[in-house]
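Have a look at it first, and then we'll go through some of its details together.

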Amino acid sequence: MPASTVLELIGNTPMVEVRRLDTGPCRLFLKLECQNPGGSIKDRIGRSMIEAAERDGRLRPGGTLVEATAGNTGLGLALVAAAKGYRLILVVPDKMAREKIFHLRAMGAEVRLTRSDVGKGHPEYYQDMAERIAGETPGAVFINQFANPANPHAHETGTGPEILAQMDGDLDAMVCGVGSAGTITGLSRYFGRESPKTEMVLADPVGSVLVDYIRTGSFGAAGSWVVEGIGEDFIPPIADFSRVRTGFSIPDAESCNTARELLVKEGLLGGSSTGTLVAAALRYCRAQTTPKRVCTFVCDSGNKYLSKVFNDWWMIDQGFIERPKFGDLRDLISRRHEEGATVTVAPADPLLIAYQRMKLYDVSQLPVMDGDVVVGLLDEYDLLMATAGRPDRFHATVASAMSTKLETVTLDTPLPKLIETFDAGHVAIVVDAGRFHGLVTRIDVLNHLRRNAPL
């Protein structure tokens with residue numbers, strides 16, 4: 001029978017066994033929470049927390065919801081809020097993937113971006129800001145996933161029973177990440193009653209304080225990490241780690257590359273937090289000396305990370321993909337010409353083609369190539385001057401607008417010389433022995449400096 005609303009499609013997600021990854025002596029199963037209608041496990045708590053607010057009378061028809069989210073909780077809330085007709089204000093750290101922000105706004109949520117580099121107590125810390133907005137908005141309900149009992153309740157009464165049924169009651173270990181701690185808390189409580197042998201395992205990004213807390217009962221200052229939705233700089237009020245004995249700290253590079261490997265080898269498109277969970281599950285499985293049945297989540301869809309985890313250039317900029325090192329300017333070029341990565345135009349191409357390539361590849365300048373030779377450079381300013389007041393000029397040739405006064409640098413050009421080139425308003429065109437290697441831009445140099453900065 002067809003569902004009467006999209007909310008009825010939340011939960012009862014499928015389970016699949018990993019076949020092509022090295023799981024040691026164990027069998028690893030993935031619960032596909034990406035199959036929820038909003039694309040993540042957070043649909044479950046979005047519905048649970050909103051319906052709890054309805055039941056206790058805090059939320060009335062046409063009301064306003066406010067929440068802080070660094071991951072998919074916002075999308076789960078947006079799905080339910082749209083279906084039920086509520087206004088939703090979300091405070092989001094600025095490290096969140098733009099696909100998620102586009103998705104949230106498309107669903108009608110009001111998104112307020114804030115800093116991701118500040119901690120609790122700072123006025124721009126996302127949770128504190130959300131609580132303040134809720135207090136300043138008449139009749140608003142602050143969802144507060146980090147202290148909301150309806151969060152773990154969704155997993156204790158829904159996710160846990162589903163997993164145990166799909167595993168035929170035989171589950172040795174469950175690997176979870178922690179954002180708000182709802183999943184690990186709810187599952188711990190359920191398995192503690194119904195499957196006491198199930199070991200709870202924490203998957204945590206390097207930089208988060210949670211693994212230290214599990215191991216020692218205390219923690220220091222948090223670092224930073226790029227994985228979205230999991231890892232914390234504090235212990236969420238709803239957290240119950242009493243059944244968690246094992247934890248793995250997973251570097252961002254391992255998380256992102258595991259997510260990419262999961263797609264290539266298993267055909268599953270999961271996000272960055274999925275990469276962390278699967279990487280931790282694989283470490284756990286490979287460390288075992290006897291066969292065990294292990295489960296973790298594909299907690300959201302990787303289609304929300306196409307501009308990050310599944311974008312080679314972003315991965316290279318982050319230092320997550322290792323490329324051959326040459327000890328010269330090739331190490332700074334993000335789009336190497338010899339790898340076919342440089343975005344170029346030809347002199348005879350129309351300016352419209354140049355404009356479209358700038359937009360598509362998010363670049364502000366294009367080398368103009370005649371065969372293998374750089375004959376010019378076209379940047380946004382050139383394009384603007386050629387077409388301002390004359391839209392028909394988009395059909396003129398690139399040759400009519402490009403700059404032919406090129407400042408080239410060789411492979412052994414030192415960094416101070418590059419800075420002089422930038423200071424003069426030029427782009428560094430790397431040509432050595434007549435061979436074009438690519439462009440070095442300001443952001444390329446900044447990325448290089450950041451990658452080599454002390455942690």
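Is Arg58 buried, partly exposed or exposed? Arg58 is partly exposed, with a relative accessible area of 41%. For these words, buried means under 20% relative accessible area, exposed means over 50%, and partly exposed is in between (1.4 Å probe, protein chains only).

A quick note on the background: this is a predicted model, so local features need pLDDT of at least 70 and side-chain atom pairs count only at pLDDT 80 or more, while totals for chains, interfaces and linings use all residues. Residues are numbered from 1 along each chain as its sequence is written, and side-chain values use heavy atoms, with hydrogens and water left out.

**Salt bridges**

Side chains of opposite charge can pair when their charged atoms come close. A salt bridge here is a side-chain nitrogen of Lys or Arg within 4 Å of a carboxyl oxygen of Asp or Glu. Searching the whole structure turns up 29 of them, including these:

| Pair | N to O distance |
|---|---|
| Arg58 and Asp56 | 3.1 Å |
| Lys120 and Asp128 | 3.7 Å |
| Arg260 and Asp312 | 2.6 Å |

Now take the salt bridge between Arg260 and Asp312. Arg260 sits in helix α8 (residues 252–266) and Asp312 in helix α10 (residues 312–318), so this pair ties together parts that are 52 residues apart in sequence. Helices (H or I, at least four residues) and strands (E, at least two) are DSSP runs, numbered from the N terminus. Arg260 counts as buried at 19% relative accessibility, whereas Asp312 is partly exposed at 37%. Elsewhere, salt bridges with shared partners join Lys31, Glu33, Arg44 and Glu162 into one network.

**Two helices side by side**

Helix α2 (residues 73–84) packs with helix α3 (residues 98–106) at an angle of about 15°, and their axes are 10 Å apart. Axes are lines fitted to C-alpha atoms, for helices over the stretch in contact, and angles run from 0 to 180 degrees between N-to-C directions. That makes α2 and α3 roughly parallel (angles under 35 degrees). Gly74, Leu75 and Ala78 of α2 make the contact with Lys100, His103 and Leu104 of α3 (heavy atoms within 4.5 Å).

**Two loop residues**

Asp362 isn't a glycine, yet its phi is positive, about 55°. You'll find Asp362 in the loop between α11 (351–361) and β11 (365–370), and it is exposed, with a relative accessible area of 65%.

How values were computed. Parallel < 35°, antiparallel > 145°, perpendicular 65-115°, else oblique.
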